[in-house]
Structure formats: C-alpha cells, structure tokens
Amino acid sequence: MTPRRMPRAQRREQILDAATRAFARAGYATTGLDDVAEEAAITKVIVYRHFESKNALYRAVLDRACARLDEAVGSDHFDDTSIPALLRAAAADPDGFRLLFRHAATEPEFREVAEALAASSTEVAHRNLANRIAAGPWADWAARLVPVVATEAVIAWLDAGRPDPEQAADRIRRAVHGVIDAAKP
C-alpha cells in the first residue's frame, strides 16, 4: 500500500470519510486506527500525522457531521422545510447522521455531543412550537418529542433502504404533526 501524495486538507477529508464509514460500521470501541487506515488505503502513520489519537479523530468526525447537519438544516428554526432538509442531510452522509444520533450517545466520552444536540433541538422546537401549543407540560413534552420523532424517522428511513424518497418527507412531517396535534388541548 503506497499512498499517493495529496494536499493536506484533501488527505484529512479522505481520513474523515474513511473514519466515518469505519466507526459507523463497527462502533468507536471496536474500531482501531488500523481499521481507519485500511479503509482509507493509507498507513496508520499518515492517520497520526493528521490526528493525534482515535479520540481526536472520532471527535473530528462528529464535529464535521454536526457542521454538515447545521449547514443543511440550520439550527435556529423548525418548519416544514426542515424535514426535507434533514432527509437530504442524512442521505448525503448516512454514516455521519447515524454516528450523531445513534452511536455518540452510547459512547461515554462523546455522550455530551448527543446531549448537546438534543438540548439544542429541544430548545429550537420549544421556541417554534410556542405559537401553536400553550406553555406548560404538554408543550415541554412536544418540544422534546418532535426532534426525536424526526431523527428516528429519518434513521428508520435510512435503515429501510430509503423507500419512496419523494414521499418520505411528507410521511415524516405527518408523524411530527401527530405529536404536535397530540400536545394541543
């Protein structure tokens, strides 16, 4: 395996792509830097030139997935354009999406990433539901549940092989609106 030379930024992206696939396939605990290097068709030495540790690499993978999600969906509003954007983001980076919403929460060292995403999503949902649902415990319930339903529905869609991509956003939107309607008096 003789890796070809490429610009540093391009090599870093190659490593992040390979690490995202490897971590999504086997999880953080069982994936070693050898696995990432093999996935990227480079040596482990090259991985270490870009990332000081497996922990730093995983953190970079999660940070990149968060940045991509934020760029695709935004972080300050939730409306009917959010679900199609969420689907597009998940379809463009399914492994990164799964790492953020499934795997990060199970890794003690990275749980705060998942918790921060959940807290941020709940805050955005709460703010955007305020004009639809009166303040109180049901509004709090809906604000916590809407992001979970949306992300779990997207992951289920990915896991099911991405059926009916033209209709997926509408189906997920209906599930989300079911939660909103259930929270109303």
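Which residue forms a salt bridge with Lys44? The partner is Asp34, with the closest N and O atoms 3.6 Å apart. A salt bridge here is a side-chain nitrogen of Lys or Arg within 4 Å of a carboxyl oxygen of Asp or Glu. Lys44 sits in helix α3 and Asp34 in helix α2, 10 residues apart.

## What you are looking at

This is a predicted model, in which local features need pLDDT of at least 70 and side-chain atom pairs count only at pLDDT 80 or more, while totals for chains, interfaces and linings use all residues. Residues are numbered from 1 along each chain as its sequence is written, and side-chain values use heavy atoms, with hydrogens and water left out.

## The overall picture

The protein has nine helices and zero strands. Both kinds of element are DSSP runs numbered from the N terminus: helices are H or I with at least four residues, and strands are E with at least two. Along the principal axes, the C-alpha atoms fill a box of roughly 65 × 35 × 25 Å.

Of the 185 residues, 41% count as buried. Buried means under 20% relative accessible area, exposed means over 50%, and partly exposed lies in between (1.4 Å probe, protein chains only). Contacts are heavy atoms within 4.5 Å; among those with a separation of 6 or more, 69% come from residues 24 or more positions apart. The accessible surface comes to about 9,900 Å², and 53% of it belongs to carbon and sulfur atoms. Such areas come from the Shrake-Rupley method with a 1.4 Å probe, and for residues only the protein chains shown count as cover.

An unreviewed UniProt entry lists residues 9-69 as "domain: HTH tetR-type". That span is 80% helix and 0% strand, and its end C-alpha atoms lie 20 Å apart. The unreviewed entry also lists residues 32-51 as "DNA-binding region". Here the span is 75% helix and 0% strand, with 13 Å between the end C-alpha atoms. UniProt positions follow the numbering used here, feature names are shortened, and annotations may be inferred rather than shown by experiment.

## A closer look at helix α4

Helix α4 covers residues 54-73 and has 20 residues. From its first C-alpha to its last it reaches 28 Å, close to the 28 Å expected at 1.5 Å a residue; the expected span is 1.5 Å times one less than the number of residues. Just after α4, Gly74 takes a positive phi of about 90°.

Among the buried residues of α4 are Leu57, Tyr58, Val61 and Leu69. The elements that cover the buried residues of this helix include α1 (8-26), α5 (82-92) and α7 (111-129).

## Charged links

The count comes to 15 salt bridges. In one of them, the side chains of Glu13 and Arg68 meet at 4.0 Å, N to O. Glu13 is in helix α1 and Arg68 in helix α4, 55 residues apart. Glu13 is partly exposed at 33% relative accessible area, and Arg68 is partly exposed at 36%.

Asp17 and Arg64 form another salt bridge, with their closest N and O atoms 2.9 Å apart. Asp17 lies in helix α1 and Arg64 in helix α4, so the pair ties together parts that are 47 residues apart in sequence. Arg64 is buried at 11% relative accessible area, whereas Asp17 is partly exposed at 32%.

Back at the opening pair, Lys44 is partly exposed at 34%, and Asp34 is partly exposed at 48%. Elsewhere, salt bridges that share partners join Glu13, Asp17, Arg64, Arg68 and Asp93 into one network.
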